[in-house]
Number of protein chains: 2
Amino acid sequence: MQFQSSDIKAMDSRRRAAFINSVSGFKSANLVGTVNAKGQSNLAIMSSAVHLGSNPPLLALIIRPSSEEHQTLANILDSGCYSLNHVSASMVEQGHQTAAKYPEAISEFDATGLSPAWHSDFGAPMVAEASIKLGLTLREHHELEINGTNLVIGEVVLADVPSGCVGEDGALDLVSADTVALTGLDTYCRAATFKRMAYAKPHLAPQVLWDSSAQ
Amino acid sequence: MQFQSSDIKAMDSRRRAAFINSVSGFKSANLVGTVNAKGQSNLAIMSSAVHLGSNPPLLALIIRPSSEEHQTLANILDSGCYSLNHVSASMVEQGHQTAAKYPEAISEFDATGLSPAWHSDFGAPMVAEASIKLGLTLREHHELEINGTNLVIGEVVLADVPSGCVGEDGALDLVSADTVALTGLDTYCRAATFKRMAYAKPHLAPQVLWDSSAQ
């Protein structure tokens with residue numbers, strides 16, 4: 001089934017949003033924790049975290065210019081820090097609810113019942129219930145002219161993870177952490193490891209290190 | 001288990017790459033198809049596609065300055081178009097193999113056995129075996145000063161998807177398309193829908209539209 005540019009443009013806006021939000025593949029689901037100068041906390045679900053580099057350890061976030069995400073952006077630019085907290089299966093309902101348009105004076109922590117966790121040496125709230133919590137400091141911010149979205153680049157300065165999730169090679173086992181994947185705007189998925197591959201080399205055939213069908 | 005900034009910096013580079021590549025959560029796995037002016041095709045696996053907006057329908061890619069991904073970037077800048085093709089479970093081994101550092105004169109299509117598919121009105125090769133194929137035209141390119149990575153913004157001008165995967169609301173069912181999710185650098189996962197949530201509103205409790213445990 002083919003959609004041309006004109007078909008996509010002709011969709012009504014909700015349908016196009018559902019379609020385009022699903023075409024890139026599975027997405028991360030993170031709760032972004034921030035605080036303003038008055039101590040008011042904010043928590044917002046975002047699916048736009050992307051790896052930028054590991055040395056220095058950088059992640060980027062796309063933050064939309066909507067009213068809901070605007071508070072998160074304002075807090076990051078003001079405080080210079082933010083947390084990323086993986087949504088796990090047990091937190092899907094509360095995590096999704098942070099997308100509701102609460103008045104600025106209401107903290108999504110209070111509204112959803114998720115608990116703020118403060119690390120002594122980090123200035124933004126984390127989510128106590130999240131098994132994987134990251135602390136980032138703002139490194140760069142660009143407003144993208146093309147559609148007014150914001151590219152926020154942060155350095156990972158703190159990572160709080162279950163010790164059992166750290167693999168021999170240093171990678172985190174997100175399946176055992178029960179981190180969910182998001183598709184589209186509203187569909188949360190659990191993942192199961194299918195295949196783990198060896199580092200690819202041109203003169204070698206693909207080598208499967210672990211295969212679910214062999215277990 | 002806590003990692004401070006100094007702990008992350010002290011990791012050896014492979015360990016830090018595995019760690020930081022896994023901290024953002026699940027990622028998409030896409031094969032990026034391009035062609036140079038001589039007609040030489042290139043195919044590269046990337047996990048950095050991110051939604052930028054639906055009107056116009058924009059996706060961003062982070063392309064690293066490495067030799068492997070450089071050819072993809074050069075082709076995009078030269079031809080102005082590229083394809084994104086979801087890696088499905090049946091293509092994991094071939095898709096992962098495109099990450100090998102093949103000489104420029106070797107097409108990853110030939111090297112891996114994946115088949116180029118050309119649409120009459122689109123200038124970059126798609127992957128015939130992929131169930132979800134997108135055609136994008138280049139809209140913006142920024143080299144990010146912080147680490148030399150490239151932000152490539154493209155508009156979705158073509159989408160070729162299985163008709164059975166298009167939901168009532170327009171979202172694609174990536175689970176039925178057998179699209180995989182990636183974690184870290186090498187671990188491919190299959191997904192199962194866990195919960196689908198209603199649009200969140202501040203005065204309503206979270207509403208589950210579909211729950212795997214209720215089936």
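**View 1. Chain A meets chain B.** In this predicted model, 101 residues of chain A are in contact with 101 residues of chain B. Together the two chains bury about 8,900 Å² between them. Carbon and sulfur atoms give 61% of that area.

**View 2. Three residues of chain A at the interface.** Shown here are Phe26(A), Ile146(A) and Phe194(A). These three supply 8% of the area that chain A buries against chain B.

**View 3. A salt bridge between the chains.** Lys195(A) and Glu93(B) join through their side chains in a salt bridge. The N to O distance is 2.7 Å. Between chain A and chain B, the count of salt bridges is six.

**View 4. Polar contacts and the side of chain A that touches chain B.** Across the interface, 48 residue pairs are in polar contact, with both residues at pLDDT 80 or more. Strand β13 of chain A covers residues 187-197. Strand β13 gives 11 residues to the side of chain A that touches chain B, the largest share. What kinds of residues make up the side of chain A that touches chain B? The residues there divide into 52 nonpolar, 28 polar and 21 charged.

**View 5. Strands paired across the two chains.** Strand β1 of chain A (residues 2-4) lies beside strand β11 of chain B (residues 150-160), joined by three bridges. The two strands run antiparallel. Which residue of β11(B) stands opposite Phe3(A)? Ala159(B) does.

Note on methods:
Residues numbered from 1 in each chain as written. Chains lettered and ligands numbered in written order. Predicted model: local features only at pLDDT ≥ 70, side-chain atom pairs only at ≥ 80, totals over all residues. Heavy atoms only, no water. Contact = heavy atoms within 4.5 Å. Buried area = accessible area lost by both parts, 1.4 Å probe. Salt bridge = Lys/Arg side-chain N within 4 Å of Asp/Glu carboxyl O. Polar contact = N/O pair within 3.5 Å; in protein donor to acceptor, adjacent residues only side chain to side chain. Helix = DSSP H or I, 4+ residues; strand = E, 2+ residues; numbered from the N terminus. Nonpolar A, V, L, I, M, F, W, Y, C, P; charged D, E, K, R; others polar. Pairing = 2+ DSSP bridges.
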